[in-house]
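Me: I want to go through the labels given to this chain and ask what each one rests on. Please set each value against its criterion.

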Amino acid sequence: MEGGCHCGAVRFTATGAPDWVGACYCIDCRKISGSPYTVFAQFKKSDVQIKGTPKEYQSSEKVIRSFCENCSSPFAYSYIDSRDQLFIPVGVFDDASSFAPKNHIFVSQKLPWVIVDTDAPQEK
Ligand SMILES: [Zn+2]
Ligand SMILES: [Zn+2]
C-alpha cells in the first residue's frame with residue numbers, strides 16, 4: 001500500500017495488512033486534522049518504508065505526531081513508549097478504499113452530529 005503527503009515530499013510504502021483500523025474522535029485528532037474525526041491504520045514501523053523526513057510534534061504527554069513540513073499533510077502518530085507502531089491516517093494512502101474503520105475510540109469526545117456504528121467496539 002503506497003501513500004504520501006499532498007506535495008510528494010513524504011512518500012511511504014506499507015507492507016501487509018494493518019493490525020488495526022479505527023476512527024478516533026478525540027479533540028487532539030480533531031485539532032490536528034481540521035476534520036471531525038480521523039481514521040487510522042496501524043502498521044509496524046518495520047513494515048513501513050518512508051521516503052522523506054516527516055517533522056515530529058509532541059501533541060500530548062504520550063503521543064508524537066509527524067507531518068510533512070512543506071504541505072502539512074499528517075503522516076503518523078505513535079506512542080512515545082511504543083515508537084515501533086505507526087498509526088497512519090488512511091486519507092494519506094493513495095487508495096484507502098479497503099480501510100473501513102472497525103473500531104471507534106474516544107467516542108465520548110465525538111461531535112453530536114457524527115453518526116457512529118454502535119455495534120462496533122468502543123472505548124469510553
Ligand atoms: Zn508534503
Ligand atoms: Zn485521537
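Reply: One criterion comes first: a residue is buried if 20 or more other C-beta atoms lie within 10 Å of its own, exposed if 12 or fewer, and partly exposed in between. The coordinates are those of a predicted model.

Me: Why is Ala-14 called partly exposed?
Reply: Ala-14 has 19 other C-beta atoms within 10 Å. Buried requires 20 or more and exposed requires 12 or fewer, so Ala-14 with its 19 is partly exposed.

Me: Where is Ala-14 found, and what does Ala-14 touch?
Reply: Ala-14 belongs to strand β2, residues 11–14. Leaving out residues up to four places away in sequence, Ala-14 touches Met-1, Phe-43, Asp-47, Val-48 and Ile-88. The C-alpha atoms of Ala-14 and Gln-42 are 10.0 Å apart, with 28 residues separating the two along the chain.

Me: What makes the chain as compact as a globular protein of that length?
Reply: The chain has one helix and ten strands, in the order β-β-β-α-β-β-β-β-β-β-β from the N terminus. Its radius of gyration is 14 Å, and the globule rule gives 14 Å for 124 residues, so the chain is as compact as a globular protein of that length. The C-alpha trace spans about 40 × 30 × 30 Å along its principal axes, and 29% of the 124 residues count as buried.

Me: How do you know that β4 and β9 pair?
Reply: Pairing requires at least two bridges between two strands. Five bridges join β4 (residues 38–44) to β9 (residues 82–89), so the two strands pair, and they run antiparallel. Gln-42 stands opposite Phe-87 in β9.

Me: What makes β8 and β9 a pair?
Reply: Strand β8 (residues 74–79) and β9 share two bridges in the antiparallel sense. The requirement is at least two, so β8 and β9 pair. Tyr-77 has Phe-87 as its bridge partner in β9. With two residues between them, β8 and β9 form a hairpin.

Me: Which residues of the largest nonpolar core touch the most other members?
Reply: Among its 23 residues, these are Cys-24, Phe-40, Phe-75, Ala-76, Phe-87 and Ile-88. Strands β3 (20–24), β4, β8 and β9 each supply at least two residues of this core. The largest share, four residues, comes from β4.

Me: What does Phe-75 touch, not counting residues up to four places away in sequence?
Reply: Phe-75 touches Cys-5, Val-10, Pro-54, Ser-66, Phe-67, Cys-68 and Val-92.

Definitions and conventions:
Residues are numbered from 1 along each chain as its sequence is written. Chains are lettered from A and ligands numbered from 1 in the order in which they are written. This is a predicted model: local features need pLDDT of at least 70, side-chain atom pairs count only at pLDDT 80 or more; totals for chains, interfaces and linings use all residues. The radius of gyration is taken over C-alpha atoms; the globule rule is 2.2 Å times the number of residues to the power 0.38. Two residues are in contact if their C-beta atoms, placed from the backbone, lie within 7 Å. A nonpolar core is a set of buried Ala, Val, Leu, Ile, Met, Phe, Trp, Tyr and Cys residues joined through C-beta atoms within 7 Å.
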